[in-house]
Amino acid sequence: MAIDIISPMAGAVKEHLVTVGDAVSAGQEIIVLESMKMEIPVETTDAGIVDVFFVQPGDTVDEGTALVRLSIS
């Protein structure tokens, strides 16, 4: 089963904090967005394995945009 981590707000992708294939825990910060000169960490909702990033650093995203897909068991 897979879940997508969704952007909570519009902003620019600043950096990935994990890489594809990494195991992540629920609540772990995985990506950083920048909005209005503030850095906003985005956390996982579940534990899993990072499958794919849909966005790259420098991309601009809207609220509700899928950022990352996790495989969960």
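In the predicted model, Phe 53 stands opposite Val 68 in S8. This pairing belongs to the contact between S6 and S8, two strands that run antiparallel and are joined by 4 bridges.

An open sheet of 4 strands has the order S1-S8-S6-S3, and its pairing is antiparallel. S1 and S3 stand at the edges with a single partner strand each, so one side of each is left without a neighbour in the sheet. The link between strand S3, which covers residues 23-24, and S6 consists of 2 bridges in the antiparallel sense. Here Val 24 stands opposite Gly 48 in S6, and Ala 23 stands opposite Ile 49 in S6.

When neighbours within four places in sequence are left aside, Ala 23 is in contact with Gln 28, Gly 48 and Ile 49. Between Ala 23 and Phe 54, which are 31 residues apart along the chain, the C-alpha atoms are separated by 17 Å.

Strand S2, made up of residues 11-16, runs antiparallel to S7 and is joined to S7 by 2 bridges. In this pairing, Val 61 of S7 is the bridge partner of Gly 11.

Ser 35 lies in strand S4. Not counting residues up to four places away in sequence, Ser 35 touches Met 9, Ala 10, Gly 11 and Ile 40.

The interior of the protein was examined next. In soluble globular proteins, nonpolar side chains tend to be buried together. The largest nonpolar core of this model holds 17 residues, of which Ile 5, Ile 30, Ile 31, Val 50, Leu 67, Val 68 and Leu 70 touch the most other members. At least two residues of this core are supplied by each of strand S1 (2-6), strand S4 (29-35), strand S6 (48-53) and strand S8 (66-71). One of the residues with the most such contacts is Val 68. Apart from residues up to four places away in sequence, Val 68 touches Ile 3, Asp 4, Ile 5, Ile 30, Val 50, Val 52, Phe 53 and Phe 54. Among these are Ile 5, Ile 30 and Val 50, which are likewise listed with the core members that touch the most others.

The protein as a whole contains 0 helices and 8 strands. From the N terminus on, its elements run β-β-β-β-β-β-β-β. The radius of gyration is 11 Å, close to the 11 Å that the globule rule gives for 73 residues, so the protein is as compact as a globular protein of that length. Taken along the principal axes, the C-alpha atoms fill a box of roughly 35 × 15 × 15 Å.

Of its 73 residues, 33% count as buried. The accessible surface comes to about 4200 Å², and carbon and sulfur atoms account for 52% of this area. Among the contacts with a separation of 6 or more, 56% are made by residues 24 or more positions apart. The pairing of Phe 53 with Val 68 of S8 and that of Ala 23 with Ile 49 of S6 illustrate how individual residues are placed in the sheet with the order S1-S8-S6-S3.

Technical notes. Residues are numbered from 1 along each chain as its sequence is written. This is a predicted model: local features need pLDDT of at least 70, side-chain atom pairs count only at pLDDT 80 or more; totals for chains, interfaces and linings use all residues. Side-chain values use heavy atoms; hydrogens and water are left out. A nonpolar core is a set of buried Ala, Val, Leu, Ile, Met, Phe, Trp, Tyr and Cys residues joined through side-chain atoms within 4.5 Å. Buried means under 20% relative accessible area, exposed over 50%, partly exposed in between (1.4 Å probe, protein chains only). Contact means heavy atoms within 4.5 Å. The radius of gyration is taken over C-alpha atoms; the globule rule is 2.2 Å times the number of residues to the power 0.38. Accessible areas come from the Shrake-Rupley method with a 1.4 Å probe; for residues, only the protein chains shown count as cover. Two strands pair if DSSP finds at least two bridges between them.
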